[in-house]
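These are my notebook entries on one structure. I wrote down what I looked up, entry by entry.

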There are 2 protein chains.
Amino acid sequence: MTTFRISRPICVLGLGLIGGSLLRALVDANVPAFGFNRSPSGARAAAKDGFDVSSDLEETLTRAEREGALIVLATPMTAIAGLLDAISAHAPSCGFTDVVSVKGSVLTEVKERDMQERYVGGHPMAGTANSGWEASDATLFRGAPWVLTFDYAIEQRAPKTWIQLWTDVALMAQTVGAEVIPARVKVHDRAVARISHLPHILAEALAIVGDNGGALSLSLAAGSFRDGTRVAGSAPSLVRAMCETNSEALLNALDEAMVLLADARAHLAEANPNLEELIDAGYRSRIRYEARSGQSSADSVSPLSISSRPVFRLHPGAPGWVNQLKQAENIGARVEVLNIG
Amino acid sequence: MTTFRISRPICVLGLGLIGGSLLRALVDANVPAFGFNRSPSGARAAAKDGFDVSSDLEETLTRAEREGALIVLATPMTAIAGLLDAISAHAPSCGFTDVVSVKGSVLTEVKERDMQERYVGGHPMAGTANSGWEASDATLFRGAPWVLTFDYAIEQRAPKTWIQLWTDVALMAQTVGAEVIPARVKVHDRAVARISHLPHILAEALAIVGDNGGALSLSLAAGSFRDGTRVAGSAPSLVRAMCETNSEALLNALDEAMVLLADARAHLAEANPNLEELIDAGYRSRIRYEARSGQSSADSVSPLSISSRPVFRLHPGAPGWVNQLKQAENIGARVEVLNIG
């Protein structure tokens, strides 16, 4: 195992489930880290647990600038624009990343402020059933995918400072146990539309149709309905934020699903209903998912969680590293970052 | 607890997951029971485990007739017509029930042979991930809904023999730990279209759309996709049989879902995408399901599994009992049958 070390302290803005878990995990790993939470009560709760936190944004960012920290925007999309303005004002030389589940909308805000040179987009794909500091957990990210974007390195020759920033964000994700998966912004947003946002839309529709059947339907509902509607129990504001900010990619995924359903409907309405096409294809797809997915280890009885994702070992900035990122994106591989020089 | 006793032995035709589990559970409960399996190897496996089974259908039915047994058709829909003919020929006075997941198609076969007077439709809603005698389990039905139809008692004044048959089928389901939920054939088929068949169709479509996204999509797919596609891993032939034989009710449920999705699509394509309507309604429906469903006890940490379904205590044949069945159907209640006479 190569020893790696993040080259700067981490400043976490927002101490909810994701930000709080990140701060806990970093401190557990002896990485210097401090945090900010807008609500004083949340900040007090974290301080009471022994963490170095504040509810004064200007003070926190001034400190980040002084210490050359890596800033993590661990807030929902709605808070991003305001935080970017504050970073411009009070931490003008700090690199930063974020954890928003749709990357296109964040990049738009970053570009509007011409801050791309010190930004790496991030998306840790970890549970959101509960929220707030109270729900935070240092082990939340273990084995979870943590997508990092790399569009900037393709659009222009990335300066050494950006490569070091990308490296530090990757090392941070690795340090807390996540698996770093590189993907460009649009590619990421199209993928999550298929495997995260569309499942939410279908779950909502299924929940309503079941409920429309009244008490008997709900009484008879068993495993297939319970699993198929589980994510309809997520907080509506979170689901809306994800789906509405990724509308273009979600429309494409939804249209694909609606074409499949319309075909199935037509076959079902025939004199001799025949759903072979849909059901055989769906079965093959599910089996492929089970074989390829990084999730299989979750059901394993082994205490050792072995990722089923292929791995690329990467020296950021070395010749061909951007091509390696593209290849990893193409096969959904994780990368293990080896410290640069 | 009232003591109840089934008034006759049980003859189980088909010793797969459902039939095998039923035979095991009945024998465990000291109910006289014997079985038939078409494949001699399956029958040998059951015999080896100490059960009273045969692979000779005529012999088995002749014995059922001689002993006045209750016959359970524990086979897929495709075998039902042949078994009904065999029962007509060799067990002309036995009452019978079945376990097929769509009740309309079975009733059609029964009516074609004018056998309604000795038929009660049944649908035990227990898992089907594995199949065959090897997968059978005496505890399979504990806490599971077991729907019993009662159309015959509405269409005409049911004779006492039919009431005794209904009672014995209900007692059998109770004996193996299931919860008896009365529903008429069409009402049942409409309900399961919503909460069992539609979930399968949506899962198949979701699995395909995710897979269409390629390796990155499958690598990033986490809980929402895993749960939303789980039943797409069911054997395609079983899914097709359920959905295709319930095409009329499934079309209605699918159309409801497609209207919701088309509305969502329209809102998503607006300049300011807004999915509030779908997502808020879906959330409320899921919460209502969680509150009403009989499944909540499965997640309980208590060793005592308490059903969340309301219960009606029923004296079959007593004045007003058919109205009680209708009321139970209306609210998805279970009935506890008290022995008649």
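**Entry 1**

I looked up D49(A) and found it partly exposed, at a relative accessible area of 45%. For this label I use the following cut-offs: buried is under 20% relative accessible area, exposed is over 50%, and partly exposed is in between, with a 1.4 Å probe and protein chains only.

Before going on I noted the ground rules. The model is predicted, so local features need pLDDT of at least 70 and side-chain atom pairs count only at pLDDT 80 or more, while totals for chains, interfaces and linings use all residues. Residues are numbered from 1 along each chain as its sequence is written, chains are lettered from A and ligands numbered from 1 in the order in which they are written, and side-chain values use heavy atoms, with hydrogens and water left out.

Next I looked for the partner of D49(A). Its side chain meets that of R24(A) in a salt bridge, 3.1 Å from N to O. A salt bridge here is a side-chain nitrogen of Lys or Arg within 4 Å of a carboxyl oxygen of Asp or Glu. The pair links distant parts of the chain, 25 residues apart: R24(A) is in helix α1 of chain A, and D49(A) is in the loop between α2 (40–48) and β3 (53–54). Helices (H or I, at least four residues) and strands (E, at least two) are DSSP runs, numbered from the N terminus.

**Entry 1: other salt bridges**

How many salt bridges does the structure hold over all chains? I noted 40.

In chain B I looked up R313(B) and E336(B), whose side chains meet in a salt bridge at 3.3 Å, N to O. R313(B) is in strand β10 (residues 311–314) and E336(B) in strand β11 (residues 334–337), 23 residues apart.

In chain A I found a network of salt bridges that links E179(A), R309(A), R313(A), R334(A) and E336(A).

**Entry 2: between the chains**

I then turned to the contact of the two chains. Chain B and chain A give 90 residues each, where contact means heavy atoms within 4.5 Å. The area buried between them is about 8300 Å², and carbon and sulfur atoms give 69% of that. Buried area is the accessible area (1.4 Å probe) that two parts lose on being put together, summed over both.

Across this interface the rule finds eight salt bridges. In one of them, the side chains of R230(A) and D227(B) meet at 2.3 Å, N to O. I also looked up R230(B) and D227(A), whose side chains meet in a salt bridge at 2.2 Å, N to O. This pair crosses from the loop between α10 and α11 of chain B, where R230(B) is, to helix α10 (residues 223–229) of chain A, where D227(A) is. R230(B) counts as partly exposed because its relative accessibility is 37%. D227(A) is at 17%, so it counts as buried.

Which element gives the most to the side of chain B that touches chain A? It is α8(B), with 21 residues. By class, that side has 49 nonpolar, 23 polar and 18 charged residues. Ala, Val, Leu, Ile, Met, Phe, Trp, Tyr, Cys and Pro count as nonpolar, Asp, Glu, Lys and Arg as charged, and the others, Gly among them, as polar.

T167(A) is in helix α7 (residues 160–175) of chain A. Its relative accessible area is 0%, so T167(A) is buried. Its side chain reaches the backbone oxygen of I163(A) at 2.7 Å.

V185(A) lies in helix α8 (residues 185–212) of chain A and counts as buried because its relative accessibility is 7%. Beyond its neighbours within four places in sequence, V185(A) is in contact with residues including K103(A) and D151(A).

N30(A) is in the loop between α1 (17–28) and β2 (33–36) of chain A. It counts as exposed because its relative accessibility is 62%. Its phi is near 65°, a positive value in a residue other than glycine.

Key. Polar contact = N/O pair within 3.5 Å; in protein donor to acceptor, adjacent residues only side chain to side chain.
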